[in-house]
Amino acid sequence: KCEGAEFYTMLLNSLDSDESCEGTSEASFKDAVVYVGAQKNNGAVPQENGIKKHRSSLPAPMFSRNDFSVWSILKKCIGLELSKITMPIVFNEPLSFLQRISEYMEHTYLIQKACSQSDSIERMQTVAAFAVSAVASQWDRTGKPFNPLLGETYELTREDQGFRLISEQVSHHPPISAFHTESLAGDFVFHGSIYPKLKFWGKSVEAEPKGTITLELHKHKEAYTWTNPFCCVHNIILGKLWIEQYGTVEIVNHSTGEKCVLNFKPCGMFGKELHRVEGYIQDKSKKKCCVIYGKWTECMWSVDPQVYEAHRKLEKRGTTDTRKQKQEEPEAVNEDADEMPEVQETVAVIPGSTLLWRISSRPPHSAEMYNFTNFAMTLNELEPGMEGVLAPTDCRLRPDIRAMENGNIDEASIEKERLEEKQRASRKERAKDGEDWSTRWFQLGTNPYTGSQDWLYTGGYFDRKYTDCPDIY
């Protein structure tokens, strides 16, 4: 079995297009009950596409990829642009990349918790936990989502979690996905645009995240911004796929001047640091207020800086010779693949620490369902009546994704090819007429907090006036 994540996703997205790429602890459980349960409805008008009971499985299990080789595809890249290589649909998962972006919202209760906290440092801790939780669903997700077609959209309304989201594929070359999420109670807005930059290093591929993510808490008149960490997928050509995320993530509170610096650590020689995240929060005078630590695949904790430093000193003194010897034992050399380090299952909790977040358990049949989380299982649901409410460009209406979800791999391949050809023909027609593509729900502007270029929501989507939407399916 292969192991990978959104990074593998990004790599395969770069390879596949229309040309082809033209194209749970007690504390966390209580938090979830309080901040998800308490926000239900919030006095908001019921949403037309709200699903009362979400599904817990897909219509059909995933297909075996054993008869396909990523290298058989990648070797064609020698001397060519990666964007010109088509990947077999068997490497996909039945979701669009727009739907994958919506998985940032799986732990929305953390935003709700931050809204309710009166202390700005506590809010920053919770926002930092949310930023880490937003990338947690990537672990073990070896299937690539479908590349969104230009003009494709996705909406998600979750009354049980108190938010609604709209996203749009605003550019196809380079591929840029913009999203905008708002609280049904008017508590927050969460928005951004995603366009990763890829580097192929031979045995691995690295994705440099591009685009700013912004969270606005209206009650506190605060805005937080950050970018996601780097991702790397190892053994693209040969061996067992595995992922790590690394790099420094800075979360800035533009209202108070407080900052959280998170270090997503590379695994290191012996794999001791695999998945580890460590950092601190400082006030506007740069004084450290607390230390944050944990794993992006498991949980995050906060602790007083002095307690943390004292613990580190004791930890160093308590290191035994046996432990050192065990770490220094040479591992078998494999010149063909980078062996994935053995995963350390737990985070050593420092006494006096406070739990900020713990990852949700995946369903028992997740491995047969593209390693989807419970949240991901629900993203492509299409219940009777929804089709008449959704925009005609919504991902749920894409015939290739729907066919794959239903287990019809041949039909999915044929539909995917048809849609890509239709997109190519539309682009050529626009070029012939001298027309530029016009986005429908987002426009290119300036992020008011960072001053950088950003795709901003223009509003109006939920007015349900879709007469001028493009025919992309």
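## Briefing on cysteines, cores and Ser302

At 27% relative accessibility, C289 counts as partly exposed, a class that lies between buried (under 20% relative accessible area) and exposed (over 50%), computed with a 1.4 Å probe on protein chains only. This is a predicted model, in which local features need pLDDT of at least 70 and side-chain atom pairs count only at pLDDT 80 or more, while totals for chains, interfaces and linings use all residues. Residues are numbered from 1 along each chain as its sequence is written, and side-chain values use heavy atoms, with hydrogens and water left out.

**Cysteines**
- The count of disulfides, taken as pairs of cysteine sulfur atoms within 2.5 Å, comes to zero.
- C289 is in no disulfide, and the nearest cysteine sulfur, which belongs to C290, is 6.7 Å away.
- C469, with a relative accessible area of 14%, is buried.

**Nonpolar cores**
- The largest nonpolar core has 67 residues, and those with the most contacts inside it are F190, W226, I251 and L262; such a core is a set of buried Ala, Val, Leu, Ile, Met, Phe, Trp, Tyr and Cys residues joined through side-chain atoms within 4.5 Å.
- Helix α6 (residues 120–133) gives the most to this core, with eight residues; helices are DSSP runs of H or I with at least four residues, strands are E runs with at least two, and both are numbered from the N terminus.
- A second, separate core of twelve residues includes I176, A178, W441 and Y461.

**S302**
- S302 is found in strand β16 (residues 299–303) and, at 5% relative accessibility, counts as buried.
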